[in-house]
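Let's take a walk through this protein together, from its overall layout down to a few individual side chains. Have the sequence and the 3D view ready.

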Amino acid sequence: MSSGPAVPSSEPTVTPEDPSDGVTTVLGEAEIARALTRIAHEVVERNKGAHDVVLLGIPTRGVPLAERLAERLATIEPGLVPADVVGELDVTMYRDDLHKHPVRTIGATRLPASGIDGKVVVLVDDVLFSGRTIRAALDAISDIGRPRAVQLAALVDRGHRELPIRPDYVGKNLPTSLSERVSVRLVETDGAPAAGEPATDAVLISQRPTSTSSEGTR
């Protein structure tokens, strides 16, 4: 996906969420905000502007991340309207594990009014892991248009790729073991983590899945 290495982010302070649960906060709200701002500037610099850029978020958490990036692009590029450059791309029917989980909820693909033909499409996802979701996204794009280029932005790259795919823009490179789980919590999709606690963004890492959580986990 990229002709050059992604620029790693600065290392945030890693703080335990709950030592008894083995959950660690890798990125907090402020770090996520800074990472998205940096990615937006990198998108503009690499593409010499953003007026030919379309951001397609991959559900679930890639969609609000794409919307946040669009808002940041609008602060950099005068005249750019966030709603005109952001959309979402459902990849359900293009997944290579569909036969293992045939009962899936099919989402909606929503493109900007200008479409994607001749545009630079930036796929936006929360966690890049095996690369199979991105492969499905590339297949989906080929069925709906012909962009000039396709780039990839990921909030977290945790490694363990199974396909030759790498991001163009990365919020944080996070080396992990296969026994660890990376969870992304966003206020738009997850709300408050517990009753009475304020809603906040976070990237968490744990040694085991949490059965009661609605966070995106990979």
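One idea will come up again and again: a residue is called buried when its relative accessible area is under 20%, exposed when it is over 50%, and partly exposed in between, using a 1.4 Å probe and protein chains only. Before using it, keep in mind that this is a predicted model, where local features need pLDDT of at least 70, side-chain atom pairs count only at pLDDT 80 or more, and totals for chains, interfaces and linings use all residues. Residues are numbered from 1 along each chain as its sequence is written, and side-chain values use heavy atoms, with hydrogens and water left out.

Let's begin with the big picture. The protein has four helices and 10 strands; here helices (H or I, at least four residues) and strands (E, at least two) are DSSP runs, numbered from the N terminus. Reading from that end, the order is β-β-α-β-α-β-β-α-β-β-β-α-β-β. Of the 218 residues, 46% count as buried. Now take contacts, meaning heavy atoms within 4.5 Å: among those between residues at least 6 apart in sequence, 71% join residues at least 24 apart.

Next, zoom in on helix α2. Spanning residues 62-76, it has 15 residues and reaches 21 Å from its first C-alpha to its last, close to the 21 Å expected at 1.5 Å a residue. That expected span is 1.5 Å times one less than the number of residues in the helix. Several of its residues are buried, including Val63, Leu65, Leu69 and Leu73. What do the buried residues of α2 pack against? Their partners are α1, β3 (53-57), β4 (86-88), β5 (120-128), β6 and α4 (187-190).

Apart from neighbours within four places in sequence, Leu73 touches Ala40, Val43, Val44, Ala50, Leu55 and Leu80. A nonpolar core is a set of buried Ala, Val, Leu, Ile, Met, Phe, Trp, Tyr and Cys residues joined through side-chain atoms within 4.5 Å. The largest one here has 34 residues, and those touching the most other members are Leu55, Leu73, Leu155, Val156 and Val203. Elements giving two or more residues to this core are β2 (23-27), α1, β3, α2, β5, β6, β8 (181-185) and β9 (202-206). The largest share, seven residues, comes from α1. There is also a second, separate core of 17 residues, with Val54, Leu56, Val91 and Ala140 among them.

Now for the charged side chains. Side chains of opposite charge can pair when their charged atoms come close. A salt bridge is counted when a side-chain nitrogen of Lys or Arg lies within 4 Å of a carboxyl oxygen of Asp or Glu, and the whole structure has 10 of them.

Look at helix α1 (residues 29-46) again, where Arg38 and Glu42 sit four residues apart, about one turn of the helix. Their side chains meet in a salt bridge at 3.3 Å, N to O.

Another bridge joins Asp168 and Arg46, with the closest N and O atoms 3.0 Å apart. Asp168 lies in the loop between β6 (149-157) and β7 (169-173) and Arg46 in helix α1, so this pair ties together parts that are 122 residues apart in sequence. Asp168 is buried, at 5%, whereas Arg46 is partly exposed, at 35%.

Glu162 and Arg132 form a salt bridge too, at 2.6 Å, N to O. This pair links distant parts of the chain, with Glu162 in the loop between β6 and β7 and Arg132 in helix α3 (residues 132-144), 30 residues apart. Both are partly exposed: Glu162 at 49% and Arg132 at 32%. Elsewhere, salt bridges with shared partners join Arg68, Glu188 and Asp201 into one network.

One last stop is Ala199, in the loop between α4 and β9. Ala199 is partly exposed, at 41%. Beyond neighbours within four places in sequence, Ala199 is in contact with Val187, Gly191, Ala192 and Pro193.
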